[in-house]
Amino acid sequence: MTAHDQMRAMLDQLMGTGRNGETTKYQVKFNDPKVCKSFLLGCCPHEILTSTRMDLGECPRIHDLALRADFEKAQASKDYFYDLDAMEHLQAFISDCDRRTEAAKQRLAETQEELSAEVAVKANSVHELAEQIGQKLAKAEQLGEEGFVDESMKLMEEVDELRKRKLEAEQEYRNSMPASSYQQQKLRVCEVCSAYLGIHDNDRRLADHFGGKLHLGFIKIREKLAELEKTADKRKEEKRKTRDRDRDDRDDRYRERHREQYVGGRELDRRSKRHRSRSRDRKERERSDRDRDNRSRSHRSRSRSRDRRSHSRHSSSSDKRRERDRD
């Protein structure tokens, strides 16, 4: 990564996706299902174990420092409960690692010469002291690099004491078995990262292991998982209450919209009824007017008919009188 790319990554991490006022550059938001929630919390194994013997490759979900910055800002005003999603992710990963550790132990039990119970106890004592030496050496080196010289020197004194105890444990282990068997490398599986450790590994090899990126990465993942599991029950209950409260709020908004629509609907019904009533009145008036016109026309027709009959009778009488007069 060039210096320019590093600077851009730092700005993204500090200011988020909108650091340049851009709102359309990113096609996803931090709450998109395609975004890795473990990455947002800084505990994705794909990121932590990169460039190690157990490099998992690229995470199938999106990692983006700008999205992490957006999440951290949004989390201040709203709880998204992504810690529960991250916990499930880490639980699945650690469960798979523990299965591999047990499988490695089983392979060692099948391939290595079986030790008696007494010898196995002495061998385990040597392993445990060697691990303590390696852990304290790695810690002392880290403190020295950070400038805590006094603390580093104190740890080195503890390392010297452990070395004396380890020499005594190795002597007891050597005396409890034949020389040919002692020369064989007895392996042990690291309970943290499932790497193989040898009983004859020197302090430098052990310090490199316990201070290495792989082992420290697993420690970080396991500690984060333990932290999340400690508050899991409480967080799940809070999430349930928040979900119920949000559902109640949605129901209230739905009822309010429905009530407004219902009130508006009733007003429309009243208007429709008034319109239908006026329409019926108008039709009745028109029907009454037609009936009145029909009656008026019928009356006039009957009157004309009577007039014609009366005129006809009158004309007939006049004709008869004229005929009598001629006779």
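User: What do the side chains of Lys224 and Glu227 do?
Analyst: They meet in a salt bridge, 4.0 Å from N to O. A salt bridge here is a side-chain nitrogen of Lys or Arg within 4 Å of a carboxyl oxygen of Asp or Glu. This is a predicted model: local features need pLDDT of at least 70, side-chain atom pairs count only at pLDDT 80 or more, and totals for chains, interfaces and linings use all residues. Residues are numbered from 1 along each chain as its sequence is written, and side-chain values use heavy atoms, with hydrogens and water left out.

User: Where do Lys224 and Glu227 lie?
Analyst: Both are in helix 10, residues 213-230. They sit three residues apart, about one turn of the helix. Helices (H or I, at least four residues) and strands (E, at least two) are DSSP runs, numbered from the N terminus.

User: How many salt bridges in total?
Analyst: The count comes to 22.

User: Give me one from helix 9.
Analyst: Take Arg204 and Asp208, with a salt bridge of 3.1 Å, N to O. Both lie in helix 9, residues 203-210, four residues apart, about one turn. Arg204 is partly exposed at 42%. Asp208 is partly exposed too, at 47%.

User: Which residues of helix 9 are buried?
Analyst: Asp203, Leu206, Ala207, His209 and Phe210. Down the helix axis they fall within an arc of 160°, so they line one face of helix 9. The arc is taken over the directions from the helix axis to the C-beta atoms.

User: What happens at the start of helix 9?
Analyst: A side-chain oxygen of Asn202 reaches to within 3.2 Å of the backbone nitrogen of Arg204.

User: Asp203 again. Which salt-bridge network is it in?
Analyst: Asp203 is linked with Asp160, Arg163, Lys166 and Glu170 in a network of salt bridges.

User: On to Arg235. Buried or exposed?
Analyst: Arg235 is buried, with a relative accessible area of 15%. It lies in helix 11. Its side chain forms a salt bridge with that of Glu238, 3.0 Å from N to O. Glu238 is partly exposed, at 29%.

User: What else does Arg235 contact?
Analyst: Its side chain makes a polar contact with the side chain of Asp79, at 2.7 Å. A polar contact is a pair of N or O atoms within 3.5 Å; within protein, one must be able to donate a hydrogen and the other to accept it, and residues adjacent in sequence count only if both atoms are side-chain atoms. Arg235 touches Asp79, Phe81, Asp83 and Leu84, leaving aside residues up to four places away in sequence. Contact means heavy atoms within 4.5 Å.

User: Now the largest nonpolar core. Which residues touch the most other members?
Analyst: Leu49, Leu90, Phe93, Cys193, Leu214, Phe218 and Ile221, out of 23 residues in that core. Helix 5 (82-111), helix 9 and helix 10 are the elements that give two or more residues to this core. The largest share, six residues, comes from helix 5. A nonpolar core is a set of buried Ala, Val, Leu, Ile, Met, Phe, Trp, Tyr and Cys residues joined through side-chain atoms within 4.5 Å.

User: What does Phe93 touch?
Analyst: Pro45, Leu49, Leu56, Phe218 and Ile221, not counting residues up to four places away in sequence.

User: Last one: how many helices and strands in the chain?
Analyst: There are 11 helices and two strands. Buried residues make up 29% of the 327 residues.

Conventions: Buried < 20%, exposed > 50% of the residue type's maximum accessible area, 1.4 Å probe, protein only.
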